[in-house]
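Welcome! Here is a short tour for anyone meeting this structure for the first time. Take a look at it below, and then read on topic by topic.

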Protein chains: 2
Amino acid sequence: MTATTLHRPTHRDALYLLEEAFGDGRMVTLFGRCTVDYDGRATSSLGPGDRLVVCKPDGTILVHTDEKRKPVNWQPPGCTHRASVRDGHLRVRSERSTPTERLDVAFERIDQVTAYEVTDRSDLRLQGSEEDLRRRILDDPALVEEGFVPQATERETAAGPVDVFGEDAAGRPVVVELKRRRVGPSAAGQLQRYVEAVDEEFPDEGVRGVLVAPSVTDRARELLAERGLSFVAVEPVADEGDDESGDGDSVAKAEGDGGDDGADAGRDDGPDAGDDAADESDDAADDTAE
Amino acid sequence: MTATTLHRPTHRDALYLLEEAFGDGRMVTLFGRCTVDYDGRATSSLGPGDRLVVCKPDGTILVHTDEKRKPVNWQPPGCTHRASVRDGHLRVRSERSTPTERLDVAFERIDQVTAYEVTDRSDLRLQGSEEDLRRRILDDPALVEEGFVPQATERETAAGPVDVFGEDAAGRPVVVELKRRRVGPSAAGQLQRYVEAVDEEFPDEGVRGVLVAPSVTDRARELLAERGLSFVAVEPVADEGDDESGDGDSVAKAEGDGGDDGADAGRDDGPDAGDDAADESDDAADDTAE
DNA sequence: AGATCCATCTCGCCG
DNA sequence: CGGCGAGGTGGATCT
């Protein structure tokens with residue numbers, strides 16, 4: 001009984017299933033021809049068409065067409081779903097407050113309704129996030145530059161929290177902003193805001209700013225240069241070739257350069273050694289489609 | 001025949017349906033107990049659980065749990081779906097290149113598979129976007145300030161395209177950055193970048209910057225003040241009460257203030273007249289569920 | 001393909 | 001609840 005399905009149901013029969021499913025916390029999918037109207041942070045209307053509608057027990061609703069990753073219309077978790085039959089349409093309404101938002105789906109034809117029993121307790125483990133990059137930096141601060149000493153993460157400033165705060169070999173304060181992927185102008189601006197804020201805390205100490213990311217766009221590099229900020233290329237996860245055992249002095253892409261007079265404009269963009277052909281799946285499968 | 005469903009199918013039967021559906025461009029939903037592994041821009045793995053998987057004919061794949069608006073795992077449009085049966089699992093693999101990414105879903109149990117015929121050709125009409133705000137400003141430049149004369153939209157600068165570029169009553173260049181909703185520090189930084197870029201084009205002309213949005217956070221307001229930039233409160237869509245006919249001098253929230261010596265620190269945050277009780281739906285419906 | 005920016009961004013965290 | 005920033009952001013647009 002984990003999935004209950006009605007094919008081409010009457011609106012009334014579909015309504016009954018929706019009542020039950022909304023009541024006991026099941027997930028619901030509807031497929032059929034419908035229109036969608038939304039009013040809230042913005043306003044939208046969508047003419048008739050065939051769509052897949054998903055109602056989750058946490059109050060989420062999604063309206064998907066046959067294209068794109070994002071739903072054409074939706075409502076976030078925490079909304080209240082209601083269904084009704086009126087004017088010959090099965091209507092699903094989802095509402096919330098703060099902000100006040102309403103989504104209305106009106107089906108003129110329902111091809112299928114299904115209610116699912118869902119029990120999912122398994123957390124996603126993800127690698128390659130900014131936090132992984134931070135761990136990498138803390139594990140081997142020389143990746144930022146020789147002699148860098150981290151002192152705090154998420155250090156609060158007037159402009160917001162700094163990813164990694166520390167000192168360089170000369171004892172100057174260093175603000176490090178981390179990005180898990182190639183950075184553009186906004187990251188440069190963000191780093192600048194942090195450096196300015198810290199600079200007011202430590203006047204005349206020559207606060208430095210370092211953007212750490214896999215790579216940087218040209219314009220962002222210019223912005224950094226204009227503002228006397230540096231860039232260092234580091235991947236969020238260590239390449240396979242790298243020696244990542246305890247005593248890591250072989251990781252030294254950034255070395256030498258005693259950094260004597262502030263703000264060197266950053267080592268160059270890494271060569272990005274690219275994808276090694278590690279296709280570990282021998283596709284001698286039983287059956288294969290498309 | 002718009003929806004073909006198999007209940008608790010064998011993996012092999014499910015595979016046949018997937019083959020057909022992938023072949024003739026139908027949308028597919030699968031529900032069952034599965035694990036998910038991803039490798040690409042990052043890497044992730046998800047242990048076994050009941051999930052709803054949606055495969056779109058454009059190459060999108062979505063893995064949804066019973067919570068949240070976003071899929072736990074996904075693959076964007078343009079990917080290639082393949083299905084197979086191996087080691088007692090129904091496997092769905094979705095791949096693409098640039099960047100190289102692979103998603104694997106392995107079902108140990110399939111409760112339901114459905115293939116849908118989808119024909120959707122109806123465009124979403126949405127109001128309240130930044131573009132609406134821009135039209136509003138161009139329609140009535142006095143919303144920015146008395147005497148403002150727009151000269152270009154999306155005007156290119158060394159720092160990127162400026163939303164609205166023009167002149168104030170004194171002939172000084174004005175950079176306007178538009179935001180459809182309340183702005184934080186990043187918008188202030190963005191405006192600053194543009195102003196600096198334009199300032200290099202027009203040295204000694206006292207280029208001004210105006211951030212136009214419904215409201216602003218405290219920190220962003222400080223940043224604007226530090227940089228000599230202004231803020232003007234404007235909603236992306238006109239309030240119902242407003243007179244939006246041709247001769248608009250009733251809209252004048254921003255008036256007077258000849259702006260003689262640059263950079264007034266912005267009129268205050270609008271009062272946000274809030275939601276009027278325009279509940280046009282009398283809910284004397286036939287049937288209503290939860 | 002890359003760069004830039006908007007988005008009903010969503011999401012989590014923290015005050 | 002609002003502010004703030006990350007995200008496998010997605011998506012559009014332009015070069």
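This is a predicted model: local features need pLDDT of at least 70, side-chain atom pairs count only at pLDDT 80 or more; totals for chains, interfaces and linings use all residues.

**Around DNA strand C**

- A total of 27 residues lie around DNA strand C, and those that come nearest are R41(A), R182(A), R219(A), R180(B) and Y194(B).
- Of the atoms of DNA strand C that come within 4 Å of the protein, 86% belong to sugar and phosphate.
- Which side chain has an N or O atom 3.2 Å from a base oxygen of DNA strand C? The side chain belongs to E101(A).
- The largest share, three residues, comes from α3(B).
- Sorted by class, the surface near DNA strand C has 13 charged, nine nonpolar and five polar residues.

**Around DNA strand D**

- DNA strand D is surrounded by 28 residues, and the closest of them are R180(A), W74(B), Q75(B), R182(B) and T217(B).
- Sugar and phosphate make up 80% of the atoms of DNA strand D that come within 4 Å of the protein.
- Q75(B) reaches a base: one of its polar side-chain atoms lies 2.6 Å from a base nitrogen of DNA strand D.
- R182(B) meets a phosphate instead, with a polar side-chain atom 2.3 Å from a phosphate oxygen of DNA strand D.
- From chain A, a polar backbone atom of A159(A) is 3.4 Å from a phosphate oxygen of DNA strand D.
- The elements giving two or more residues to the surface near DNA strand D are α3 (185-201) of chain A and β5 (73-75) of chain B.
- By class, the surface near DNA strand D has 13 charged, nine nonpolar and six polar residues.

- Is strand β12 (residues 173-178) of chain B mostly covered or mostly uncovered? The strand is mostly covered, with six of its six residues buried.
- P173(B), V175(B) and E177(B) point one way from β12(B), while V174(B), V176(B) and L178(B) point the other way.
- On one pairing, β12(B) meets strand β11 (residues 162-167) of chain B in the antiparallel sense, over four bridges. Here V175(B) is the bridge partner of F165(B).
- β11(B) and β12(B) form a hairpin with five residues between them, and in the turn G171(B) has a positive phi of about 85°.
- β12(B) also runs parallel to strand β13 (residues 208-213) of chain B, and five bridges join the two. L211(B) in β13(B) is the bridge partner of E177(B).
- Together, β12(B), helix α3 (residues 185-201) of chain B and β13(B) make a right-handed β-α-β unit.

**On to strand β14 of chain B**

- β13(B) pairs with β14(B) too, in the parallel sense and over four bridges. Among the residues involved, V212(B) has V232(B) of β14(B) as its bridge partner.
- To get from β13(B) to β14(B), the chain crosses through helix α4 (residues 218-226) of chain B, and this β-α-β crossover is right-handed.
- Strand β14 (residues 230-233) of chain B sends S230(B) and V232(B) one way and F231(B) and A233(B) the other, and all are buried.

**A loop residue in chain A**

- R181(A) sits in the loop between β12 (173-178) and α3 of chain A.
- Why does R181(A) count as exposed? Its relative accessible area is 60%, and exposed means over 50%.
- R181(A) and P236(A) are 55 residues apart along the chain, while their C-alpha atoms are separated by 7.8 Å.

Methods. Residues are numbered from 1 along each chain as its sequence is written. Chains are lettered from A and ligands numbered from 1 in the order in which they are written. Side-chain values use heavy atoms; hydrogens and water are left out. A residue is near a molecule or strand if one of its heavy atoms lies within 4 Å of it. A polar contact is a pair of N or O atoms within 3.5 Å; within protein, one must be able to donate a hydrogen and the other to accept it, and residues adjacent in sequence count only if both atoms are side-chain atoms. Ala, Val, Leu, Ile, Met, Phe, Trp, Tyr, Cys and Pro count as nonpolar, Asp, Glu, Lys and Arg as charged, and the others, Gly among them, as polar. Buried means under 20% relative accessible area, exposed over 50%, partly exposed in between (1.4 Å probe, protein chains only). Two strands pair if DSSP finds at least two bridges between them. A crossover is right-handed if, with the strands pointing away from the viewer, the path from the first strand over the helix to the second runs clockwise.
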